[in-house]
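Please read this briefing alongside the sequence and the structure, which are shown just below.

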Amino acid sequence: HLTDVYADVPSLVRLTLDGDVCHLDDPDKLTADVSLDASVFGNGGRLSGTARFSADGMAYDAALQASGINVNRFMPGYGMKNFSGRLNVSGRGTDIFSPATRIDADVAVANLNYKQWNFAGATAECSIRNGRVQASLHSDADILSCNMSLDALLSTKRLAATLAADIRNIDLHALRLTPSPLSTGICCHVDIDTDLGDNILL
């Protein structure tokens, strides 16, 4: 059993763990059920939540909440500032090409500053089951206002996917995708089929 176990990354973060970790001497049977609280040095940002893991079948589950984390401390030079939001992820397995892998994840942004823009209210979801990937992205930010979805069948030999995008506005220059100012909008539906080698069909 863990009680108030501390770990410091100098000048970056202090992590506190409470919970249970079993079978440390046998990685194949390792299990963990912990709560965590992390304080980011320098700006008062916090990350808290719970996490569970079982090496038997590579099962995992985490629910995390971030508040006021200065992203620029970890990714300097990109214009990213404070982030607040939540992340949930659960699943079994990590090989996305395996039909046995199951992953469900979602992110909700309460506050994220990129230069003078804010992505508050943006959401993203992803589900992987039986070789099928379903993902969506929603944003009402001035720099990127869109609804996008992806539906794909994935294996080691083939990827067949449909991408649907309703992009009301995207500022390509602000996102560092073009050298001069350019904003646009587009509504599209794209089908992709590839053998993950030299052959691709659009």
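Asp61 is partly exposed, with a relative accessible area of 30%, where partly exposed lies between buried (under 20%) and exposed (over 50%), using a 1.4 Å probe and protein chains only. The side chain of Asp61 meets that of Arg52 in a salt bridge, at 3.5 Å from N to O, and Arg52 also counts as partly exposed, at 41% relative accessibility. This is a predicted model, in which local features need pLDDT of at least 70 and side-chain atom pairs count only at pLDDT 80 or more, while totals for chains, interfaces and linings use all residues. Residues are numbered from 1 along each chain as its sequence is written, and side-chain values use heavy atoms, with hydrogens and water left out.

**Salt bridges**
- A search of the whole structure finds 10 salt bridges, each defined as a side-chain nitrogen of Lys or Arg within 4 Å of a carboxyl oxygen of Asp or Glu.
- Asp37 and Arg46 form a salt bridge at 2.2 Å, N to O; Asp37 is partly exposed with a relative accessible area of 25%, and Arg46 is partly exposed at 39%.
- Arg14 and Asp8 are joined by a salt bridge at 2.8 Å, N to O, with Arg14 partly exposed at 36% relative accessible area and Asp8 partly exposed at 41%.

**Aromatic pair**
- The rings of Tyr114 and Trp117 have centres 6.2 Å apart and planes at 25°, so the pair is stacked, a label for planes under 30 degrees apart, whereas over 60 counts as edge-to-face and the rest as tilted.
- Tyr114 is buried, with a relative accessible area of 7%, and Trp117 is buried as well, at 16%.

**Nonpolar surface patch**
- Phe74, Met75 and Tyr78 form a nonpolar patch on the surface, with about 310 Å² of accessible area together; patch residues have over 30% relative accessible area and no salt bridge, and nonpolar side chains are joined within 5 Å.
- Met75, partly exposed at 40% relative accessibility, is found in the loop between strand S5 (59-70) and strand S6 (80-92), strands being DSSP runs (E) of at least two residues, numbered from the N terminus.

**Confidence**
- The mean pLDDT, the predictor's confidence in each residue from 0 to 100, is 91 for the protein, and 100% of its residues reach 70 or more.

Notes. Patches are made of residues with over 30% relative accessible area and no salt bridge: like charges are joined within 9 Å, nonpolar side chains (Val, Leu, Ile, Met, Phe, Trp, Tyr) within 5 Å. Accessible areas come from the Shrake-Rupley method with a 1.4 Å probe; for residues, only the protein chains shown count as cover. Helices (H or I, at least four residues) and strands (E, at least two) are DSSP runs, numbered from the N terminus. Rings of Phe, Tyr and Trp (its six-membered ring) pair if their centres lie within 6.5 Å; planes under 30 degrees apart count as stacked, over 60 as edge-to-face and the rest as tilted.
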